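Trainee: I'd like to learn how to read a model like this one. Can you walk me through it?

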Amino acid sequence: MLSRCFGEATLLQTLQSPSDGITCCDFGANFLFAAGSSDKLVRVWEWVKGQGFEEATFSPLAGHRYAITSVRFSPLGTMLASSASDGSTMLWNTRTGVRIHTFVQTNGCAVRLSIFAPNSTLLVSAGDDGVICVWDILRRALLRSLQAHEATIQAMSFSPDCKYLLTSDTVGVLKLWKDLVEPVNDLVDTSSTTSDTTDCLVSVVEDAHDLGVTGSDFASTQETPADNVLATRYTLATCGNNPVVKVWSFVIVHPSNKWNPPHSPASGSGRQSLVPTPELGSPVSPNSLGPRRENSFRIRDGKRESCESLRRRGSSIRRKHKQCQVSLKLTLEGHGSDVTCVRFNASATRLASSSLDKTVRLWEIPSGTCLRILEGHTRYVACCVFSRDGSLLASGSNDKTILMWDVKGKLSLSADLAPSLSAFRDKLSGSSFDSMSGPPDATVLEGGPKSSESHAALREVQLLQRIESQNGAVNTCDFFGNNLLAFGGGDKMVHIHSKTEENLRFQEVESVSPIEAHAFAVNQVEFSPCGKYVASCSADGSAVLWDTETGKRVPGNFGTGRNAIRTCRFSPDGKLLICAGDDQTTSAWRTDTGELFMSVEGHTEAVTALAISPDSQFLATACSGGHVRGWAIASVWDQCLMLQEDAHDLGVQSCDFSPSAGMHGSESYLLATCGNDSWVKLWKIKRDLCTPPTPSSLLLSTPPAPASPLRSPKPPPGAKLVRSLGGHGGNVMCVRFTPDSGEFLVSTASDSTARIWSVHLGDCLFVLEGHNRQVTSCAFAADSSLLATGSLDKTLILWQLPEHLVYQSVAASRLRGQPIYALDWTPDDVISWLKRSLSFPIDPPSSVLDNFDGCQILTLPETEIASILSIDDPEHIQELALQLKWLRHEELNICLPEISSNIDVPHEFLCPITREVMRDPVVCADGFTYERAAIEEWFLSGKLTSPMTNSTLQSLAYRRHSQLKRAISEFLYDDPSEPLSE
């Protein structure tokens with residue numbers, strides 16, 4: 001229905017809630033709208049041309065037991081989170097209305113709100129007990145929780161770059177947090193998920209509103225001062241139990257390592273102004289964060305400095321972070337009663353506020369002018385929200401209605417705001433990019449392996465192939481990549497199989513295999529990281545390297561020849577082959593020369609297993625007595641650094657390090673062990689315990705005094721047991737992590753089964769029953785899509801893992817340790833971006849590979865970067881300058897620039913999922929192009945089908961659409977009148 005007009009804003013439509021008042025609402029992508037009410041239901045509407053908003057066929061969504069307190073769409077709109085007073089937060093599929101998962105708040109307290117992190121991977125919920133719960137959507141698990149406030153948390157919001165989370169409570173306290181949603185590489189201890197808040201709290205604002213804060217929202221645009229690209233200004237709006245709205249400025253200077261490139265002048269030169277000084281607030285000096293101004297606050301030496309009174313109410317600010325400054329920029333007055341909600345539009349030029357005075361006010365930012373007063377509700381207004389494009393404003397009230405306001409007064413119910421998928425496909429037909437929209441070439445795919453043939457197969461582990469070993473048991477197996485498989489056993493031979501192109505089955509490489517390797521049974525085989533060699537060891541006392549292309553023995557003997565060698569493994573960097581066995585000694589040999597690098601002793605029984613940390617710095621050995629020892633991989637230090645006694649009562653059979661823990665800044669290694677007590681155990685080993693003294697300190701230190709005969713020397717510290725996995729009915733013989741991410745663990749046992757475990761949840765996901773005798777060994781393919789198990793029944797079985805399991809492993813690997821923002825890039829990230837973005841090859845000097853980080857790529861002039869990279873060709877320099885220009889626009893202006901309504905956006909620039917302009921287009925297996933973050937979120941929500949056709953995808957992989965990316969960047973950022981910087 002069409003109602004009164006207020007200036008430009010008009011009432012476009014009224015939606016009714018049949019039974020109770022509206023408590024919360026939110027807009028999703030493609031004009032999807034959701035609202036919660038006191039009747040325990042969540043209703044979802046979608047735009048239909050000619051009718052306006054119509055309730056979706058799967059609406060309402062039922063499941064909560066008490067009133068709905070919060071509804072929020074995920075950033076790309078594929079999921080919806082609803083929270084209620086019953087202490088639960090439910091995750092819904094927005095395409096089908098199917099409930100994906102239910103998260104239950106710690107202590108079961110009422111949840112007041114839940115929000116998604118801007119990168120879609122995490123969900124944060126909070127409520128009456130003042131506790132924040134951070135949920136991992138990928139793993140459907142609690143990542144961490146912390147006691148953030150003493151009072152009820154009423155409002156939360158993320159900064160647009162996902163680096164900071166602001167929380168506020170019913171006594172008026174604002175708190176700004178950092179690192180709460182950083183990827184966690186270490187396994188969370190199940191005994192306690194409560195985090196220490198000391199290092200996470202950045203700033204505290206007390207008495208932000210008289211009687212408590214009821215709402216908050218960060219502007220989607222973050223501003224960068226012209227004189228300091230490393231400083232970021234965030235704009236925040238808050239409201240509370242008083243009639244005012246406040247707009248705050250948080251300015252944070254990000255730390256950066258100072259470095260002068262080889263071609264740069266003196267320190268500090270080369271930094272340029274990349275972004276105009278924002279309209280909101282004054283410029284910020286890089287050193288002092290600006291002069292002292294009215295309504296600004298500063299803390300020195302950790303003590304509160306006296307500060308001016310804020311408008312109408314003094315607020316006290318305690319800054320925990322040395323580089324953070326908080327100031328109140330605007331106080332918006334006009335409401336006649338308490339304000340219930342505040343929300344920015346997408347461009348942060350408008351702010352909407354709702355109130356108990358039955359009105360919604362529309363404010364201009366940064367001037368603070370009240371543009372419109374929207375009246376139409378008969379009772380208090382509980383919530384308001386803008387559509388993604390800012391054209392609509394919805395307000396929900398206790399009068400059981402939702403009013404849809406046309407902000408600019410130019411829309412009608414006949415507007416085609418959300419075309420159907422078929423209509424969208426029709427508009428894409430004939431695109432100039434059609435020739436590049438076909439399914440991506442498998443050789444250039446990234447993001448996931450090939451899919452199964454049927455949808456049912458995506459959810460179960462499939463027995464793919466059974467390989468018979470005619471003359472003996474299979475004791476060991478290993479993969480190289482996805483196409484090469486080796487195994488050995490009682491027949492004393494090493495067998496090498498490869499995947500055929502015709503039927504995708506593994507067959508023995510007849511020109512190489514079998515290799516007559518040893519005089520006795522083969523105990524272990526393992527490929528070198530490069531795949532050039534395969535190592536084998538045996539009870540005959542030898543460890544041998546074999547050339548995988550010729551099957552010939554590589555000169556050199558890596559064993560003593562006197563005692564049986566139980567295990568041999570390569571270091572992840574491929575430089576060492578480490579062997580151990582019955583002589584209780586572990587020896588590390590150089591793979592290039594065959595020379596002995598180090599040898600350690602300490603076990604009093606046979607060494608049955610060993611594992612090397614993913615950074616090749618730490619070695620774990622285990623023995624038949626049940627003890628695990630840790631050693632530094634260093635020729636100058638042979639002392640035991642870690643001793644975990646009685647790790648398994650009746651002896652340890654196998655151990656393996658997680659490939660992710662201990663990397664990307666993680667403080668601990670994660671070690672899995674198994675033994676004859678039927679248990680699989682996960683241990684956390686602190687990295688600082690695993691570092692030996694440096695050679696220089698060894699030379700300067702005095703030898704330790706001999707131990708007193710009356711007192712034994714202090715033993716090394718032990719590992720921390722974080723999880724025990726029980727379920728096997730016999731001795732557990734082998735454990736292995738998935739090689740890409742360590743998300744999953746497989747174990748094999750004498751009960752004739754193999755089990756697949758979720759490392760982070762501790763759940764047994766699958767029990768594999770295919771062997772009829774003891775299962776001795778296991779190995780994952782490189783992308784975790786295949787699993788091999790070997791047994792005493794003389795067979796090796798190849799299993800195909802379900803697609804959702806494979807995707808979770810791939811996604812975890814991709815999300816872990818990869819900075820989202822260029823400011824956080826390492827030199828490797830910078831080089832990767834350059835190679836991906838430029839059409840010509842680059843060969844950067846070693847100094848660049850070591851030092852050139854994200855700070856440099858954002859601050860140095862294009863000509864200087866070209867000089868550093870040794871780029872001389874004028875056309876290549878021009879292309880580099882364009883790519884840098886686009887990168888800096890995207891990095892320093894988080895939201896896309898506002899596009900004039902008079903300009904027609906080409907349909908091929910729009911993502912089919914969000915119907916918004918893409919920033920990082922990728923081509924998927926269905927031949928359509930999507931925004932990378934949108935298709936990632938689509939998979940994250942559990943959907944393994946094409947968003948356009950709804951058919952099962954043959955692969956979850958994708959490739960970047962570089963040509964389309966360039967066209968979009970030119971459309972958004974290029975100004976013909978703007979010259980490139982020299």
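Predicted model: local features only at pLDDT ≥ 70, side-chain atom pairs only at ≥ 80, totals over all residues.

Trainee: How many helices and strands does the chain have?

Mentor: DSSP runs give ten helices and 63 strands. Of the 982 residues, 58% count as buried, meaning under 20% relative accessible area. The accessible surface comes to about 39100 Å², and carbon and sulfur atoms hold 48% of that.

Trainee: Now a helix. Which residues of α4 are buried?

Mentor: Start with the general idea. An α-helix has 3.6 residues a turn, so residues three or four places apart point the same way. In α4, which spans residues 827–837, the buried ones are P827, V830, I831, W833, L834 and S837. Looking down the axis of α4, you find these buried residues within an arc of 160 degrees, so they line one face of the helix.

Trainee: And which exposed residues sit on the face turned away from the buried side of α4?

Mentor: That face carries D828 and K835.

Trainee: On to strands. How does β7 pair with β8?

Mentor: For strands, look at the bridges and their sense. Here β7 (residues 68–73) and β8 (residues 79–84) run antiparallel, paired over five bridges.

Trainee: Is β7 mostly covered or mostly open?

Mentor: Mostly covered: five of the six residues in β7 are buried.

Conventions. Residues numbered from 1 in each chain as written. Heavy atoms only, no water. Helix = DSSP H or I, 4+ residues; strand = E, 2+ residues; numbered from the N terminus. Buried < 20%, exposed > 50% of the residue type's maximum accessible area, 1.4 Å probe, protein only. Areas by Shrake-Rupley, 256 points an atom, 1.4 Å probe, with all protein chains shown as cover. Arc of directions from axis to C-beta. Pairing = 2+ DSSP bridges.
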